[in-house]
Amino acid sequence: MIRTKGLNLKNGSRIVVIGGGPAVAFFSIFASKLAQDLGRKLDITIYEKKIFDNQGALGCNMCAGVISESLVQSLALEDINLPSSVVQSCVDSYYFHTQNGNIKIKSSRIQQRGIATIFRGGGPKGNAGKDIQSFDEFLLHKAVEHGAKVEHIFIDKINLNDDKPIIYAGERLQNDCDLVVGASGVKANSGKIYEGLGIGYKIPSTIRATQSEIELGSDWIANKFGNSIHIFLLRIPGVKFVSVIPKGRFITVSLLGDEPNIEYIKMFLDHPVMKQMLPQGFKIPDKFCHCFPKINIKGAKTPFADRLVLIGDASSVRLYKDGIGSAYITSKAAAHTAILYGIGKQNFEKHYLPVCKNLDADNLFGKLLFSVNDFVSYTALLSKGYFRTIQQEQANSHKTTHHSDILWDMFTGSRFYKEIFLRTLNPRYILNLLFTITSTSLLDVLSIQPKK
């Protein structure tokens with residue numbers, strides 16, 4: 001394969017972006033804006049087979065659909081303001097359900113309903129669709145506004161052996177270009193296209209989640225679920241945790257467990273704690289929208305080459321959280337590298353790879369935090385003391401909310417895991433937590449209930 005140093009994008013350079021998720025749109029927007037600021041105009045074409053306005057699997061990108069408050073603010077600064085037709089619910093709190101009681105958490109930092117819930121496609125199959133606009137389609141329109149073109153064609157072959165990359169659909173030549181940007185997620189078929197190029201790329205390691213959309217009606221959801229995302233830590237065998245996300249007339253049930261299985265969703269919906277959240281006489285539908293999305297848990301190996309860079313899920317993401325935020329981070333880093341420094345392998349290695357490595361390293365802290373959270377949640381004594389500490393913080397909003405903010409940031413993805421981990425090491429709060437756990441234990445032993 002020919003390798004040329006000093007590769008740069010010039011006025012009129014052609015960029016092919018493969019895939020249609022948020023990473024694709026973000027890259028196209030950032031690259032176009034930055035090039036324009038430098039007095040250049042780029043020819044950007046996005047290739048994506050799906051039409052995201054379609055309902056059900058035909059338009060869906062299989063995502064829980066939560067945008068953290070920090071990302072909502074970042075998008076607003078980029079002049080990407082989410083319309084009400086895209087935002088299905090505005091979330092201002094998280095509600096945790098455990099074997100030892102429930103607790104509602106609001107962050108001390110959030111001053112308004114900063115978390116947005118969205119559908120990646122046109123909504124669940126059978127939905128009327130008039131009140132749902134696809135987030136991904138909205139972003140693609142934004143990319144088009146900035147000059148990108150969209151072709152609904154599936155690219156199944158890339159040739160890097162010539163001076164410039166060449167892409168194919170079937171055996172039909174589509175285009176040659178100066179730069180290929182891959183954002184096709186972690187699908188095996190798409191990943192093999194890049195693995196077969198001989199650049200050292202390897203698809204990220206993944207696990208599967210189980211996701212479902214259940215229609216309950218907007219009034220019921222507003223009254224029962226409110227403006228909260230509900231996290232269930234119920235010690236269901238094989239289930240790590242379950243998130244229930246309000247979205248207008250629907251809830252999205254997102255389950256992380258040992259095996260991707262719709263039976264887990266049915267088991268959860270039939271659990272006594274969840275049954276209290278459902279209408280009386282609710283029966284699990286025979287058919288409902290569900291999927292088993294792959295979740296990136298380890299960064300890709302060598303996600304770049306001369307005239308090629310992979311972004312979003314195809315590269316590095318935050319563990320369990322904020323996939324859209326990760327798409328934002330990697331897309332922006334790749335666009336800045338390509339426009340400001342060049343499109344050679346050395347350019348991406350120097351300016352893009354460190355961003356991916358930071359995400360991957362941060363995930364090590366995430367794994368540790370979630371492991372500790374699992375241990376605490378499933379150990380009755382620790383769980384009671386920990387959640388009692390958080391209850392005390394939430395009941396005294398004028399005081400510090402250290403433990404509440406840690407739990408909030410872990411599950412919302414609003415802060416990096418390393419930052420969260422370092423906050424857990426504060427000796428003052430460790431002593432406070434140990435005191436609460438000890439006093440809780442003594443109260444249980446002596447059968448004395450604390451005064452309310």
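1. In this predicted model, Asp 362 and Arg 318 form a salt bridge, with their closest N and O atoms 3.9 Å apart. Asp 362 sits in helix α10 and Arg 318 in the loop between β21 and α8 (323-341), so the bridge ties together parts that are 44 residues apart in sequence. Asp 362 is buried, at a relative accessible area of 5%. Arg 318 is buried too, at 4%. Both values count as buried because the cut-off is under 20% relative accessible area.

2. Asp 374 makes another salt bridge, to Lys 240, at 2.6 Å from N to O. Asp 374 belongs to helix α10 and Lys 240 to strand β16 (residues 239-247), so this pair joins parts that are 134 residues apart in sequence. Lys 240 is partly exposed, with 23%.

3. Now the helix itself. α10 covers residues 353-377. At 1.5 Å a residue, its 25 residues should span 36 Å, and the end C-alpha atoms are 36 Å apart, so expectation and model agree. Buried positions in α10 include Leu 353, Cys 356, Leu 359, Gly 366 and Val 376.

4. On helix packing: two packed helices are described by the angle between their axes and the distance between the axes. For α10 and α12 (residues 402-412), the axes come within 11 Å and cross at roughly 120°. The crossing is left-handed. Leu 369, Phe 370 and Asn 373 of α10 meet Leu 407, Met 410 and Phe 411 of α12. By class, that contact has five nonpolar residues, one polar and no charged ones.

5. Arg 307 lies in the loop between β20 (304-305) and β21 (308-310), while Asp 178 lies in the loop between β11 (172-176) and β12 (179-182). The pair links distant parts of the chain, 129 residues apart. Both residues are buried.

6. How many salt bridges does the whole structure hold? A search finds 17. Asp 409, Arg 415, Glu 419 and Arg 423 are linked in a network of such bridges. In general, side chains of opposite charge can pair when their charged atoms come close.

Conventions:
Residues are numbered from 1 along each chain as its sequence is written. This is a predicted model: local features need pLDDT of at least 70, side-chain atom pairs count only at pLDDT 80 or more; totals for chains, interfaces and linings use all residues. Side-chain values use heavy atoms; hydrogens and water are left out. Helices (H or I, at least four residues) and strands (E, at least two) are DSSP runs, numbered from the N terminus. The expected span of a helix is 1.5 Å times one less than its number of residues. Buried means under 20% relative accessible area, exposed over 50%, partly exposed in between (1.4 Å probe, protein chains only). Axes are lines fitted to C-alpha atoms, for helices over the stretch in contact, and angles run from 0 to 180 degrees between N-to-C directions. A crossing is left-handed if the near helix is turned anticlockwise from the far one by less than a right angle, and right-handed if clockwise. Contact means heavy atoms within 4.5 Å. Ala, Val, Leu, Ile, Met, Phe, Trp, Tyr, Cys and Pro count as nonpolar, Asp, Glu, Lys and Arg as charged, and the others, Gly among them, as polar. A salt bridge is a side-chain nitrogen of Lys or Arg within 4 Å of a carboxyl oxygen of Asp or Glu.
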